[in-house]
Amino acid sequence: MKYLKYLTLFSILAVLSPVGVFARDNNQHSVDIPTTVQVGGTQLKPGNYKVNWQGAGPDIQVTFLRNGKTVATVPATLKNDGQVTQDEIVTDSATKTLTEIDFHRDKEALLFQQSGM
């Protein structure tokens with residue numbers, strides 16, 4: 001009887017596992033922004049932010065949260081990029097605009113359009 005319980009549990013987990021692999025509807029990462037940057041029409045002050053988006057892309061809406069509050073929601077492009085070798089915040093130094101956030105663990109990059117493009 002004990003064997004039957006374990007077999008049933010294992011079968012349920014085996015059926016549900018592939019669902020978790022493909023269900024990438026909600027992504028969240030933590031990022032540290034070292035200097036004040038512009039993203040969309042919002043100025044982000046230095047600090048730690050949660051970055052959320054839904055869907056697998058490429059066109060997505062990214063939400064920046066700080067202390068549990070939404071501070072900006074902007075359009076972005078999600079790029080699966082095997083070339084990402086480290087977590088990185090990329091900014092345009094002339095305009096102090098956030099252009100990209102790289103996530104090494106997932107080999108993903110969020111690309112942000114600059115205003116006026």
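Does R105 count as buried or exposed, and at what relative accessibility?

Modeller: R105 counts as exposed, because its relative accessibility is 67%; buried means under 20% relative accessible area, exposed over 50%, and partly exposed in between, with a 1.4 Å probe and protein chains only. This is a predicted model, in which local features need pLDDT of at least 70, side-chain atom pairs count only at pLDDT 80 or more, and totals for chains, interfaces and linings use all residues. Residues are numbered from 1 along each chain as its sequence is written, and side-chain values use heavy atoms, with hydrogens and water left out.

The side chain of R105 forms a salt bridge with that of D106, at 3.5 Å from N to O. The term denotes a side-chain nitrogen of Lys or Arg within 4 Å of a carboxyl oxygen of Asp or Glu. A search of the whole structure finds one such bridge. Side chains of opposite charge can pair when their charged atoms come close.

R105 also belongs to the lining of the largest pocket, together with H29, S30, V31, D32, D87, E88, I89, I101, D102 and F103. On a 1 Å grid over the protein atoms alone, a pocket is an open set of points where a 1.4 Å probe fits, with protein on both sides within 12 Å along at least five of seven lines; lining residues have an atom within 4 Å of a point. Strands β1 (27–33), β7 (88–92) and β8 (97–103) each give two or more residues to this lining, and β1 supplies the largest share, four residues. Strands here are DSSP runs of E with at least two residues, numbered from the N terminus.

Not counting residues up to four places away in sequence, I101 touches V31, V51, F64, E88, I89, E108, A109, L110 and F112, where a contact means heavy atoms within 4.5 Å.
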